[in-house]
Amino acid sequence: MKKIKEFLSGMTFKQKRYAVIMIICVAVNMILAEIMTLASVPLWMDVTGTIAATIILEPAAGLIVGLINNFFRAIFINGPTTLVYYSVSAAVALLAAIMLDRENRLRLGRVVISTILIIAASTLLSGLLKYWQTGGVSNLYWENYFSELAASRGFGTFLSGTFGAFVIKVPDTIASVILAVIMYMLTPKKYRGR
Amino acid sequence: MRHTIYSLIFNKDSRNWAGRAYEAMVSMAAVISIIPLMFKTWHPIFDTIDTFTLYILFLDYIMRWMVHDFRSRYGKPWAFIVYPFTPMAIVGLLCILPSLGLLDQTFRILRMFRIFKVLQYSRMFGLVVRVFEREKKTLLSVLFIAVGYIFISALAMFTNEPETFDTFYDAIYWATTALTTVGYGDVYPVSDVGKMISMVSSIFGIAVIALPAGIVTAGFMEEINSVIKEDDEKEEEKKDGSDKAEETEGSET
(Lines give C-alpha, C1' and ligand atoms only; values in the text may rest on other atoms or scores of the structure.)
Protein backbone atom coordinates (compact mmCIF):
# COMPACT_ATOMS: atom_id res chain seq x y z
CA MET A 1 0.00 0.00 0.00
CA LYS A 2 2.83 2.35 0.94
CA LYS A 3 4.60 1.58 -2.34
CA ILE A 4 1.43 2.29 -4.32
CA LYS A 5 1.09 5.63 -2.51
CA GLU A 6 4.73 6.43 -3.30
CA PHE A 7 4.17 5.49 -6.92
CA LEU A 8 1.07 7.69 -7.18
CA SER A 9 2.74 10.65 -5.52
CA GLY A 10 5.65 10.29 -7.94
CA MET A 11 3.35 10.62 -10.97
CA THR A 12 3.29 13.91 -12.85
CA PHE A 13 0.05 15.80 -13.50
CA LYS A 14 0.09 14.63 -17.10
CA GLN A 15 0.50 10.99 -16.11
CA LYS A 16 -2.32 11.23 -13.59
CA ARG A 17 -4.55 12.97 -16.13
CA TYR A 18 -3.87 10.29 -18.74
CA ALA A 19 -4.43 7.46 -16.26
CA VAL A 20 -7.73 8.85 -14.94
CA ILE A 21 -9.19 9.68 -18.36
CA MET A 22 -8.14 6.35 -19.84
CA ILE A 23 -9.62 4.39 -16.92
CA ILE A 24 -12.89 6.31 -17.34
CA CYS A 25 -12.89 5.60 -21.08
CA VAL A 26 -12.27 1.87 -20.55
CA ALA A 27 -15.10 1.83 -18.01
CA VAL A 28 -17.41 3.67 -20.44
CA ASN A 29 -16.68 1.08 -23.14
CA MET A 30 -17.40 -1.81 -20.81
CA ILE A 31 -20.46 -0.37 -19.10
CA LEU A 32 -22.14 0.73 -22.35
CA ALA A 33 -21.45 -2.63 -24.01
CA GLU A 34 -22.91 -4.46 -21.01
CA ILE A 35 -26.00 -2.21 -20.89
CA MET A 36 -26.62 -2.79 -24.61
CA THR A 37 -26.34 -6.56 -24.14
CA LEU A 38 -28.54 -6.65 -21.04
CA ALA A 39 -31.19 -4.38 -22.60
CA SER A 40 -31.02 -6.34 -25.89
CA VAL A 41 -30.48 -3.11 -27.81
CA PRO A 42 -29.12 -3.85 -31.31
CA LEU A 43 -26.00 -1.74 -30.78
CA TRP A 44 -22.46 -2.47 -29.60
CA MET A 45 -21.42 0.96 -28.21
CA ASP A 46 -18.08 -0.55 -27.18
CA VAL A 47 -15.94 2.06 -28.95
CA THR A 48 -17.39 5.18 -27.29
CA GLY A 49 -14.55 5.34 -24.76
CA THR A 50 -12.00 4.62 -27.47
CA ILE A 51 -13.20 7.60 -29.54
CA ALA A 52 -13.36 9.76 -26.41
CA ALA A 53 -9.80 8.87 -25.37
CA THR A 54 -8.56 9.72 -28.86
CA ILE A 55 -10.18 13.14 -29.02
CA ILE A 56 -9.59 14.09 -25.38
CA LEU A 57 -5.97 12.86 -25.22
CA GLU A 58 -4.36 11.41 -28.37
CA PRO A 59 -4.70 8.47 -30.79
CA ALA A 60 -2.22 6.36 -28.79
CA ALA A 61 -4.49 6.69 -25.75
CA GLY A 62 -7.44 5.53 -27.86
CA LEU A 63 -5.39 2.59 -29.09
CA ILE A 64 -4.53 1.58 -25.52
CA VAL A 65 -8.12 1.98 -24.33
CA GLY A 66 -9.32 -0.21 -27.21
CA LEU A 67 -6.62 -2.76 -26.42
CA ILE A 68 -7.55 -2.97 -22.73
CA ASN A 69 -11.22 -3.23 -23.64
CA ASN A 70 -10.60 -6.01 -26.16
CA PHE A 71 -8.39 -7.88 -23.72
CA PHE A 72 -11.07 -7.64 -21.05
CA ARG A 73 -13.75 -8.95 -23.40
CA ALA A 74 -11.48 -11.72 -24.67
CA ILE A 75 -10.46 -12.86 -21.19
CA PHE A 76 -13.78 -12.60 -19.36
CA ILE A 77 -16.53 -12.73 -21.97
CA ASN A 78 -15.89 -13.88 -25.52
CA GLY A 79 -12.66 -15.87 -25.51
CA PRO A 80 -9.23 -15.32 -27.09
CA THR A 81 -10.38 -15.60 -30.70
CA THR A 82 -12.14 -12.25 -30.41
CA LEU A 83 -8.78 -10.52 -29.90
CA VAL A 84 -8.60 -9.98 -33.65
CA TYR A 85 -11.48 -7.53 -33.37
CA TYR A 86 -8.94 -5.18 -31.86
CA SER A 87 -8.21 -4.21 -35.46
CA VAL A 88 -11.70 -2.61 -35.52
CA SER A 89 -11.01 -0.68 -32.30
CA ALA A 90 -7.60 0.38 -33.61
CA ALA A 91 -9.10 1.64 -36.88
CA VAL A 92 -11.74 3.55 -34.91
CA ALA A 93 -9.10 5.13 -32.66
CA LEU A 94 -6.98 6.22 -35.62
CA LEU A 95 -9.88 7.54 -37.68
CA ALA A 96 -11.36 9.41 -34.70
CA ALA A 97 -8.22 11.54 -34.67
CA ILE A 98 -9.49 13.17 -37.89
CA MET A 99 -12.17 14.92 -35.79
CA LEU A 100 -9.59 17.31 -34.38
CA ASP A 101 -7.95 20.14 -36.30
CA ARG A 102 -4.35 21.28 -35.95
CA GLU A 103 -5.19 23.27 -32.80
CA ASN A 104 -6.78 20.19 -31.25
CA ARG A 105 -10.31 21.55 -31.58
CA LEU A 106 -13.35 19.61 -32.75
CA ARG A 107 -14.78 20.70 -36.10
CA LEU A 108 -18.24 19.59 -37.22
CA GLY A 109 -17.16 18.86 -40.79
CA ARG A 110 -14.27 16.74 -39.57
CA VAL A 111 -16.55 14.89 -37.13
CA VAL A 112 -18.90 13.98 -39.99
CA ILE A 113 -16.07 12.80 -42.27
CA SER A 114 -14.51 10.82 -39.43
CA THR A 115 -17.86 9.20 -38.57
CA ILE A 116 -18.38 8.12 -42.18
CA LEU A 117 -14.86 6.70 -42.35
CA ILE A 118 -15.31 4.89 -39.02
CA ILE A 119 -18.55 3.32 -40.27
CA ALA A 120 -16.90 2.22 -43.53
CA ALA A 121 -13.72 0.86 -41.93
CA SER A 122 -15.36 -0.89 -38.99
CA THR A 123 -18.05 -2.43 -41.22
CA LEU A 124 -15.51 -3.76 -43.66
CA LEU A 125 -13.11 -5.04 -40.99
CA SER A 126 -15.72 -6.68 -38.80
CA GLY A 127 -17.47 -8.14 -41.86
CA LEU A 128 -14.20 -9.58 -43.08
CA LEU A 129 -13.16 -10.99 -39.69
CA LYS A 130 -16.61 -12.42 -39.07
CA TYR A 131 -16.55 -14.11 -42.46
CA TRP A 132 -13.04 -15.45 -41.91
CA GLN A 133 -13.69 -16.76 -38.41
CA THR A 134 -17.27 -17.96 -38.38
CA GLY A 135 -18.37 -17.90 -42.00
CA GLY A 136 -20.45 -14.76 -41.42
CA VAL A 137 -22.29 -15.59 -38.18
CA SER A 138 -22.37 -12.83 -35.55
CA ASN A 139 -23.16 -13.13 -31.85
CA LEU A 140 -25.56 -10.18 -32.13
CA TYR A 141 -29.13 -11.24 -32.95
CA TRP A 142 -30.01 -8.17 -35.04
CA GLU A 143 -26.82 -8.37 -37.07
CA ASN A 144 -27.68 -11.95 -38.00
CA TYR A 145 -31.25 -10.90 -38.74
CA PHE A 146 -30.13 -8.32 -41.33
CA SER A 147 -27.49 -10.70 -42.70
CA GLU A 148 -30.15 -13.35 -43.29
CA LEU A 149 -32.42 -10.73 -44.83
CA ALA A 150 -29.69 -9.86 -47.34
CA ALA A 151 -28.93 -13.53 -47.92
CA SER A 152 -32.61 -14.20 -48.71
CA ARG A 153 -32.37 -11.51 -51.42
CA GLY A 154 -29.61 -13.50 -53.10
CA PHE A 155 -26.49 -11.78 -51.74
CA GLY A 156 -23.44 -13.93 -51.03
CA THR A 157 -22.28 -14.88 -47.50
CA PHE A 158 -19.64 -12.16 -47.28
CA LEU A 159 -21.87 -9.39 -48.63
CA SER A 160 -24.80 -10.43 -46.42
CA GLY A 161 -22.59 -10.51 -43.32
CA THR A 162 -21.11 -7.13 -44.18
CA PHE A 163 -24.58 -5.70 -44.79
CA GLY A 164 -25.72 -7.00 -41.38
CA ALA A 165 -22.70 -5.35 -39.77
CA PHE A 166 -23.31 -2.12 -41.72
CA VAL A 167 -26.95 -1.78 -40.61
CA ILE A 168 -25.86 -2.04 -36.98
CA LYS A 169 -22.71 0.05 -37.36
CA VAL A 170 -24.46 3.16 -38.70
CA PRO A 171 -26.58 3.96 -35.61
CA ASP A 172 -23.94 2.42 -33.35
CA THR A 173 -21.14 4.68 -34.61
CA ILE A 174 -23.33 7.80 -34.69
CA ALA A 175 -24.45 7.20 -31.09
CA SER A 176 -20.86 6.47 -29.99
CA VAL A 177 -19.52 9.61 -31.67
CA ILE A 178 -22.23 11.79 -30.11
CA LEU A 179 -21.50 10.41 -26.65
CA ALA A 180 -17.74 10.78 -27.14
CA VAL A 181 -18.16 14.39 -28.25
CA ILE A 182 -20.29 15.05 -25.14
CA MET A 183 -17.53 13.52 -23.02
CA TYR A 184 -15.01 15.77 -24.78
CA MET A 185 -17.10 18.86 -24.10
CA LEU A 186 -17.59 17.90 -20.47
CA THR A 187 -13.86 17.53 -19.98
CA PRO A 188 -12.27 20.79 -18.73
CA LYS A 189 -9.84 22.34 -21.25
CA LYS A 190 -6.79 21.85 -19.03
CA TYR A 191 -7.35 18.10 -19.05
CA ARG A 192 -7.50 17.85 -22.84
CA GLY A 193 -4.68 17.37 -25.34
CA ARG A 194 -1.23 15.83 -25.09
CA MET B 1 2.88 7.84 -23.87
CA ARG B 2 4.39 6.02 -26.85
CA HIS B 3 7.85 6.92 -25.54
CA THR B 4 7.04 5.04 -22.34
CA ILE B 5 5.99 2.00 -24.36
CA TYR B 6 9.10 2.28 -26.50
CA SER B 7 11.42 2.36 -23.51
CA LEU B 8 9.54 -0.59 -22.02
CA ILE B 9 10.13 -2.72 -25.11
CA PHE B 10 13.47 -1.56 -26.42
CA ASN B 11 15.40 0.03 -23.57
CA LYS B 12 18.06 -2.52 -22.61
CA ASP B 13 19.33 -0.37 -19.75
CA SER B 14 19.91 -2.52 -16.67
CA ARG B 15 18.19 0.14 -14.53
CA ASN B 16 14.98 -0.21 -16.51
CA TRP B 17 13.49 -3.00 -14.38
CA ALA B 18 10.10 -2.75 -16.09
CA GLY B 19 11.73 -3.23 -19.50
CA ARG B 20 13.66 -6.24 -18.27
CA ALA B 21 10.55 -7.73 -16.68
CA TYR B 22 8.65 -7.21 -19.94
CA GLU B 23 11.43 -8.85 -21.93
CA ALA B 24 11.46 -11.82 -19.54
CA MET B 25 7.68 -12.12 -19.70
CA VAL B 26 7.52 -12.18 -23.53
CA SER B 27 10.49 -14.57 -23.80
CA MET B 28 8.99 -16.93 -21.25
CA ALA B 29 5.60 -16.82 -22.95
CA ALA B 30 7.24 -17.68 -26.27
CA VAL B 31 9.13 -20.63 -24.80
CA ILE B 32 6.20 -21.95 -22.77
CA SER B 33 3.85 -21.72 -25.75
CA ILE B 34 6.04 -24.14 -27.70
CA ILE B 35 5.88 -26.87 -25.02
CA PRO B 36 2.48 -28.27 -26.17
CA LEU B 37 3.97 -28.95 -29.60
CA MET B 38 6.26 -31.53 -27.98
CA PHE B 39 3.34 -33.77 -27.06
CA LYS B 40 1.31 -36.04 -29.30
CA THR B 41 -1.80 -36.08 -27.13
CA TRP B 42 -3.63 -32.87 -26.30
CA HIS B 43 -4.13 -32.00 -22.63
CA PRO B 44 -6.58 -29.36 -21.34
CA ILE B 45 -3.71 -27.48 -19.71
CA PHE B 46 -2.33 -26.83 -23.20
CA ASP B 47 -5.39 -24.75 -24.02
CA THR B 48 -4.74 -22.61 -20.95
CA ILE B 49 -1.09 -22.22 -21.92
CA ASP B 50 -2.08 -21.31 -25.46
CA THR B 51 -4.63 -18.72 -24.35
CA PHE B 52 -2.37 -17.15 -21.75
CA THR B 53 0.66 -16.91 -24.04
CA LEU B 54 -1.50 -15.67 -26.92
CA TYR B 55 -2.52 -12.63 -24.86
CA ILE B 56 1.09 -11.76 -24.13
CA LEU B 57 2.32 -12.27 -27.70
CA PHE B 58 -0.62 -10.35 -29.15
CA LEU B 59 0.08 -7.48 -26.77
CA ASP B 60 3.73 -7.48 -27.79
CA TYR B 61 2.79 -7.43 -31.48
CA ILE B 62 0.47 -4.44 -31.04
CA MET B 63 2.85 -2.48 -28.82
CA ARG B 64 5.71 -2.96 -31.28
CA TRP B 65 3.44 -1.70 -34.05
CA MET B 66 2.49 1.35 -32.00
CA VAL B 67 6.09 2.51 -31.63
CA HIS B 68 7.53 1.33 -34.92
CA ASP B 69 8.06 4.89 -36.17
CA PHE B 70 10.78 5.37 -33.52
CA ARG B 71 12.82 2.55 -35.04
CA SER B 72 11.89 2.74 -38.68
CA ARG B 73 13.72 4.81 -41.27
CA TYR B 74 10.29 5.83 -42.61
CA GLY B 75 8.40 8.68 -41.00
CA LYS B 76 4.79 8.71 -39.88
CA PRO B 77 2.44 7.30 -41.19
CA TRP B 78 4.55 5.07 -43.47
CA ALA B 79 6.34 3.42 -40.55
CA PHE B 80 2.99 2.10 -39.31
CA ILE B 81 1.90 0.99 -42.77
CA VAL B 82 5.19 -0.78 -43.41
CA TYR B 83 5.35 -2.54 -40.03
CA PRO B 84 3.07 -5.56 -40.83
CA PHE B 85 5.32 -6.33 -43.81
CA THR B 86 8.59 -6.42 -41.86
CA PRO B 87 10.02 -9.96 -41.47
CA MET B 88 9.66 -10.10 -37.68
CA ALA B 89 6.11 -8.75 -37.81
CA ILE B 90 5.13 -11.36 -40.39
CA VAL B 91 6.63 -14.08 -38.20
CA GLY B 92 4.99 -12.55 -35.12
CA LEU B 93 1.58 -12.58 -36.78
CA LEU B 94 1.90 -16.01 -38.39
CA CYS B 95 2.74 -17.64 -35.08
CA ILE B 96 -0.40 -16.33 -33.38
CA LEU B 97 -2.89 -16.69 -36.24
CA PRO B 98 -3.80 -20.35 -35.48
CA SER B 99 -4.54 -19.44 -31.85
CA LEU B 100 -6.65 -16.47 -32.94
CA GLY B 101 -8.90 -18.80 -34.91
CA LEU B 102 -7.95 -17.22 -38.22
CA LEU B 103 -6.04 -20.29 -39.37
CA ASP B 104 -7.05 -23.91 -39.02
CA GLN B 105 -5.42 -25.94 -36.24
CA THR B 106 -3.52 -27.92 -38.89
CA PHE B 107 -1.37 -24.79 -39.14
CA ARG B 108 -0.45 -24.97 -35.46
CA ILE B 109 3.04 -25.90 -36.59
CA LEU B 110 3.40 -22.15 -37.23
CA ARG B 111 3.51 -21.73 -33.47
CA MET B 112 7.11 -22.87 -33.49
CA PHE B 113 7.95 -19.49 -35.01
CA ARG B 114 7.27 -18.10 -31.55
CA ILE B 115 10.83 -19.01 -30.67
CA PHE B 116 11.83 -16.01 -32.79
CA LYS B 117 10.31 -13.83 -30.07
CA VAL B 118 13.04 -15.06 -27.74
CA LEU B 119 15.64 -14.49 -30.40
CA GLN B 120 14.24 -11.01 -31.03
CA TYR B 121 15.36 -10.02 -27.55
CA SER B 122 18.72 -11.79 -27.85
CA ARG B 123 21.77 -9.64 -28.55
CA MET B 124 23.54 -12.52 -30.32
CA PHE B 125 20.63 -13.04 -32.67
CA GLY B 126 20.76 -9.33 -33.45
CA LEU B 127 24.42 -9.78 -34.41
CA VAL B 128 23.62 -12.71 -36.71
CA VAL B 129 20.87 -10.69 -38.39
CA ARG B 130 23.30 -7.79 -38.86
CA VAL B 131 25.87 -10.14 -40.42
CA PHE B 132 23.29 -11.48 -42.85
CA GLU B 133 22.20 -7.96 -43.73
CA ARG B 134 25.79 -6.81 -44.30
CA GLU B 135 26.78 -9.85 -46.35
CA LYS B 136 23.46 -9.99 -48.19
CA LYS B 137 24.94 -9.42 -51.65
CA THR B 138 27.79 -11.91 -51.22
CA LEU B 139 25.51 -14.55 -49.75
CA LEU B 140 23.02 -14.10 -52.57
CA SER B 141 25.68 -14.53 -55.24
CA VAL B 142 27.05 -17.63 -53.47
CA LEU B 143 23.53 -19.01 -53.20
CA PHE B 144 23.06 -18.40 -56.89
CA ILE B 145 26.29 -20.29 -57.66
CA ALA B 146 25.30 -23.17 -55.34
CA VAL B 147 21.85 -23.50 -56.90
CA GLY B 148 23.39 -23.39 -60.37
CA TYR B 149 25.93 -26.02 -59.43
CA ILE B 150 23.25 -28.33 -58.00
CA PHE B 151 21.20 -27.84 -61.15
CA ILE B 152 24.14 -28.70 -63.46
CA SER B 153 25.12 -31.77 -61.38
CA ALA B 154 21.54 -32.98 -61.39
CA LEU B 155 21.25 -32.41 -65.12
CA ALA B 156 24.48 -34.32 -65.84
CA MET B 157 23.33 -37.22 -63.70
CA PHE B 158 19.79 -37.27 -65.10
CA THR B 159 21.05 -37.32 -68.70
CA ASN B 160 23.55 -40.05 -67.90
CA GLU B 161 21.30 -42.30 -65.80
CA PRO B 162 17.67 -41.80 -66.72
CA GLU B 163 16.82 -45.32 -65.50
CA THR B 164 18.07 -44.61 -61.93
CA PHE B 165 16.43 -41.21 -61.63
CA ASP B 166 12.75 -41.41 -62.55
CA THR B 167 12.27 -37.64 -62.70
CA PHE B 168 14.48 -34.57 -62.81
CA TYR B 169 13.19 -33.75 -59.34
CA ASP B 170 14.83 -37.00 -58.10
CA ALA B 171 18.10 -35.90 -59.66
CA ILE B 172 17.84 -32.48 -57.97
CA TYR B 173 17.11 -34.26 -54.69
CA TRP B 174 20.18 -36.49 -55.14
CA ALA B 175 22.42 -33.53 -56.04
CA THR B 176 21.25 -31.48 -53.06
CA THR B 177 21.69 -34.28 -50.50
CA ALA B 178 25.04 -35.34 -52.00
CA LEU B 179 26.53 -31.84 -52.24
CA THR B 180 25.44 -30.86 -48.77
CA THR B 181 27.10 -34.10 -47.54
CA VAL B 182 23.80 -35.35 -46.09
CA GLY B 183 23.62 -38.34 -48.49
CA TYR B 184 20.62 -40.39 -47.38
CA GLY B 185 21.67 -43.13 -49.80
CA ASP B 186 18.14 -43.84 -51.04
CA VAL B 187 19.05 -42.67 -54.57
CA TYR B 188 22.55 -43.15 -55.95
CA PRO B 189 24.31 -43.58 -59.30
CA VAL B 190 25.07 -47.12 -60.40
CA SER B 191 27.00 -46.70 -63.68
CA ASP B 192 30.75 -45.97 -63.78
CA VAL B 193 30.21 -42.65 -65.52
CA GLY B 194 27.52 -41.75 -62.98
CA LYS B 195 29.87 -42.56 -60.12
CA MET B 196 32.57 -40.43 -61.75
CA ILE B 197 30.11 -37.49 -62.08
CA SER B 198 29.16 -37.99 -58.46
CA MET B 199 32.81 -37.91 -57.28
CA VAL B 200 33.77 -34.86 -59.33
CA SER B 201 30.62 -32.91 -58.45
CA SER B 202 31.03 -33.76 -54.76
CA ILE B 203 34.67 -32.63 -54.62
CA PHE B 204 33.98 -29.27 -56.26
CA GLY B 205 30.51 -28.97 -54.79
CA ILE B 206 31.63 -29.17 -51.19
CA ALA B 207 33.68 -26.01 -51.70
CA VAL B 208 30.70 -24.19 -53.17
CA ILE B 209 28.36 -25.35 -50.43
CA ALA B 210 30.86 -24.49 -47.66
CA LEU B 211 31.35 -20.94 -48.91
CA PRO B 212 28.33 -19.33 -47.15
CA ALA B 213 29.36 -20.88 -43.82
CA GLY B 214 32.77 -19.24 -44.16
CA ILE B 215 31.31 -15.87 -45.09
CA VAL B 216 28.85 -15.90 -42.18
CA THR B 217 31.51 -17.07 -39.70
CA ALA B 218 33.96 -14.37 -40.79
CA GLY B 219 31.24 -11.71 -40.64
CA PHE B 220 30.08 -12.92 -37.25
CA MET B 221 33.61 -12.81 -35.81
CA GLU B 222 34.07 -9.30 -37.18
CA GLU B 223 30.78 -8.18 -35.68
CA ILE B 224 31.58 -9.73 -32.28
CA ASN B 225 34.99 -8.05 -32.25
CA SER B 226 33.44 -4.66 -33.01
CA VAL B 227 30.87 -5.17 -30.23
CA ILE B 228 33.61 -6.13 -27.75
CA LYS B 229 35.57 -3.03 -28.80
CA GLU B 230 32.49 -0.85 -28.34
CA ASP B 231 31.86 -2.33 -24.89
CA ASP B 232 35.49 -1.76 -23.89
CA GLU B 233 35.32 1.85 -25.03
CA LYS B 234 32.12 2.41 -23.07
CA GLU B 235 33.69 0.84 -19.99
CA GLU B 236 36.74 3.07 -20.33
CA GLU B 237 34.56 6.14 -20.75
CA LYS B 238 32.69 5.18 -17.58
CA LYS B 239 35.97 4.67 -15.74
CA ASP B 240 37.33 8.01 -16.91
CA GLY B 241 34.11 9.70 -15.82
CA SER B 242 34.23 8.21 -12.32
CA ASP B 243 37.98 9.00 -11.99
CA LYS B 244 37.34 12.62 -12.92
CA ALA B 245 34.47 12.81 -10.44
CA GLU B 246 36.74 11.44 -7.70
CA GLU B 247 39.47 13.94 -8.63
CA THR B 248 37.10 16.92 -8.46
CA GLU B 249 35.75 15.65 -5.12
CA GLY B 250 39.34 15.39 -3.79
CA SER B 251 40.29 18.89 -4.93
CA GLU B 252 37.15 20.34 -3.37
CA THR B 253 37.96 18.79 0.00
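A residue counts as buried if 20 or more other C-beta atoms lie within 10 Å of its own, exposed if 12 or fewer, and partly exposed in between, with C-beta atoms placed from the backbone. By that cut-off, 43% of the 194 residues of chain A are buried. For chain B, the figure is 18% of 253 residues.

Some ground rules. This is a predicted model, so to speak: local features need pLDDT of at least 70, side-chain atom pairs count only at pLDDT 80 or more, and totals for chains, interfaces and linings use all residues. Residues are numbered from 1 along each chain as its sequence is written, and chains are lettered from A and ligands numbered from 1 in the order in which they are written.

Confidence next. The model scores ipTM 0.75 and pTM 0.72. pLDDT is the predictor's confidence in each residue, from 0 to 100. Chain B has a mean pLDDT of 84, with 96% of its residues at 70 or more.

Now chain A. Helices here are DSSP runs of H or I with at least four residues, strands are E runs of at least two, and both are numbered from the N terminus. Chain A has eight helices and zero strands. Its radius of gyration, taken over C-alpha atoms, is 18 Å. Along the principal axes, the C-alpha trace of chain A spans about 60 × 40 × 25 Å. Two residues are in contact if their C-beta atoms, placed from the backbone, lie within 7 Å. Of the contacts in chain A with a separation of 6 or more, 60% join residues 24 or more positions apart.

One backbone detail in chain A. Ser40(A) has a positive phi of about 55°, although it is not a glycine. Ser40(A) sits in the loop between α2 (13-38) and α3 (48-56) of chain A. Buried or exposed? Ser40(A) counts as exposed, because it has 9 C-beta neighbours inside 10 Å.

On to chain B. Chain B has 11 helices and zero strands. The radius of gyration of chain B is 26 Å, well over the 18 Å from the globule rule for 253 residues, so chain B is more spread out than a compact globule. The C-alpha atoms of chain B fill a box of roughly 90 × 55 × 35 Å along the principal axes. Chain B is divided into domain 1 (2-121) and domain 2 (136-252), with bounds from an automatic or database domain assignment. The C-alpha centres of these two domains of chain B lie 29 Å apart.

Thr181(B) has a positive phi of about 65° although it is not a glycine. Thr181(B) is in the loop between α10 (168-179) and α11 (192-252) of chain B. With 11 C-beta neighbours inside 10 Å, Thr181(B) counts as exposed. Thr138(B) is in helix α9 (residues 136-160) of chain B. Thr138(B) and Ile215(B) are 77 residues apart along the chain, with C-alpha atoms separated by 8.1 Å. Arg71(B), in helix α4 (residues 68-71) of chain B, is 61 residues from Phe10(B) in sequence and 9.6 Å away in space, C-alpha to C-alpha.

How do the chains meet? 12 residues of chain B are in contact with 14 residues of chain A. Helix α3 (residues 44-66) of chain B gives the most to the chain B side, with six residues. That side has eight nonpolar, three polar and one charged residues. The classes: Ala, Val, Leu, Ile, Met, Phe, Trp, Tyr, Cys and Pro are nonpolar, Asp, Glu, Lys and Arg are charged, and the others, Gly among them, are polar.

Last, the cores. A nonpolar core is a set of buried Ala, Val, Leu, Ile, Met, Phe, Trp, Tyr and Cys residues joined through C-beta atoms within 7 Å. The largest has 65 residues, and those with the most contacts inside it are Met22(A), Ala52(A), Ala53(A) and Val92(A). Elements giving two or more residues to this core include α2 of chain A and α3 of chain B. α5(A) gives the most, with nine residues. Another core lies apart from it, with 10 residues, among them Ile150(B) and Met157(B).

Terms used: Rg over C-alpha atoms; globule rule 2.2 N^0.38 Å.
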